[in-house]
Amino acid sequence: MMELVDVACEVVAPAMRAVFKKNEVSAFELSVTDELEGSVALSLTARGETFRDYVVQGFAPQTSVEEWRERLRSNLVDFVAESRFGWGENRDAR
């Protein structure tokens with residue numbers, strides 16, 4: 001299982017930087033979850049809208065940091081494109 005600080009630094013922060021513009025994210029919380037042992041959950045608020053995801057899933061320990069990061073980045077791109085503040089935007093190229 002990855003340490004929470006490592007998940008924050010190596011998975012979440014780079015994915016968020018790749019997708020969000022300055023000051024769009026007002027809050028985020030990472031937590032180790034009891035539902036899926038060894039998993040880390042992310043709750044993020046961007047311009048009043050909430051995104052939730054398991055950014056590391058304990059049942060898939062063979063997944064690399066790079067794969068977790070890319071998975072989260074892709075999910076955040078989809079979140080923005082479906083949000084009120086970023087409707088239809090493609091943040092893939094950022």
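Strand β2 and strand β3 (residues 49-56) run antiparallel and are joined by seven bridges. The model behind these values is a predicted one. Within this pairing, A41 has Y54 of β3 as its bridge partner, and L44 stands opposite F51, again in β3. The hairpin that β2 and β3 make has two residues between the strands, and R47 takes a positive phi near 45° there.

On to the other partner of β2. Strand β1 (residues 25-33) meets β2 (residues 39-46) through eight bridges, and this pair is antiparallel too. One of the bridges puts T33 together with S39 of β2. Here the hairpin has five residues between its strands, and G38 in the turn shows a positive phi of about 80°.

Put together, the strands give an open sheet of three, ordered β1-β2-β3 and paired antiparallel. That leaves β1 and β3 as the edge strands, each pairing on one side only. On average, neighbouring strands of the sheet are turned by 15° against each other, with direction ignored.

The helices come next. Helix α1 packs on the sheet and touches β1, β2 and β3, its direction making about 145° with that of β1. Helix α2, for its part, lies across β2 and β3 and runs at about 165° to β3. The two helices also pack on each other: the axes of α1 and α2 are 8 Å apart, at an angle of about 35°. Their crossing is right-handed. On the α1 side the contact is made by E10, V11, V12, P14, A15, M16, A18 and V19. The α2 side brings in V65, W68, R69, L72, R73, L76, V77 and V80.

Now for the aromatic rings. A pair of such rings is described by how far apart the centres are and by the angle of the planes. Two aromatic pairs turn up in the model. For F79 and F85, the ring centres are 6.3 Å apart and the planes sit at 65°; with over 60 degrees as the cut-off, the pair is therefore edge-to-face. Both F79 and F85 are buried. Ring pairs also bring in F51, so that F51, F79 and F85 are linked into a cluster. Recall that F51 is the β3 residue standing opposite L44, which ties the cluster back to the sheet.

That leaves the charged side chains. Side chains of opposite charge can pair when their charged atoms come close. The count of salt bridges comes to seven. One of them joins E89 to K21, with the closest N and O atoms 3.7 Å apart. Because E89 lies in the segment after α2 (65-82) and K21 in the loop between α1 (4-19) and β1, this pair ties together parts that are 68 residues apart in sequence. E89 has a relative accessibility of 27%, so E89 counts as partly exposed. K21 is partly exposed as well, its relative accessible area being 40%.

A further salt bridge is formed by E24 and R91, whose closest N and O atoms are 2.8 Å apart. For R91 the relative accessibility is 2%, which is why R91 counts as buried. R91 meets E89 too, in a salt bridge of 2.7 Å from N to O. Through shared partners, the salt bridges join K21, E24, E89 and R91 into one network.

Methods:
Residues are numbered from 1 along each chain as its sequence is written. This is a predicted model: local features need pLDDT of at least 70, side-chain atom pairs count only at pLDDT 80 or more; totals for chains, interfaces and linings use all residues. Side-chain values use heavy atoms; hydrogens and water are left out. Two strands pair if DSSP finds at least two bridges between them. Helices (H or I, at least four residues) and strands (E, at least two) are DSSP runs, numbered from the N terminus. Rings of Phe, Tyr and Trp (its six-membered ring) pair if their centres lie within 6.5 Å; planes under 30 degrees apart count as stacked, over 60 as edge-to-face and the rest as tilted. Buried means under 20% relative accessible area, exposed over 50%, partly exposed in between (1.4 Å probe, protein chains only). A salt bridge is a side-chain nitrogen of Lys or Arg within 4 Å of a carboxyl oxygen of Asp or Glu. Axes are lines fitted to C-alpha atoms, for helices over the stretch in contact, and angles run from 0 to 180 degrees between N-to-C directions. A crossing is left-handed if the near helix is turned anticlockwise from the far one by less than a right angle, and right-handed if clockwise. Contact means heavy atoms within 4.5 Å.
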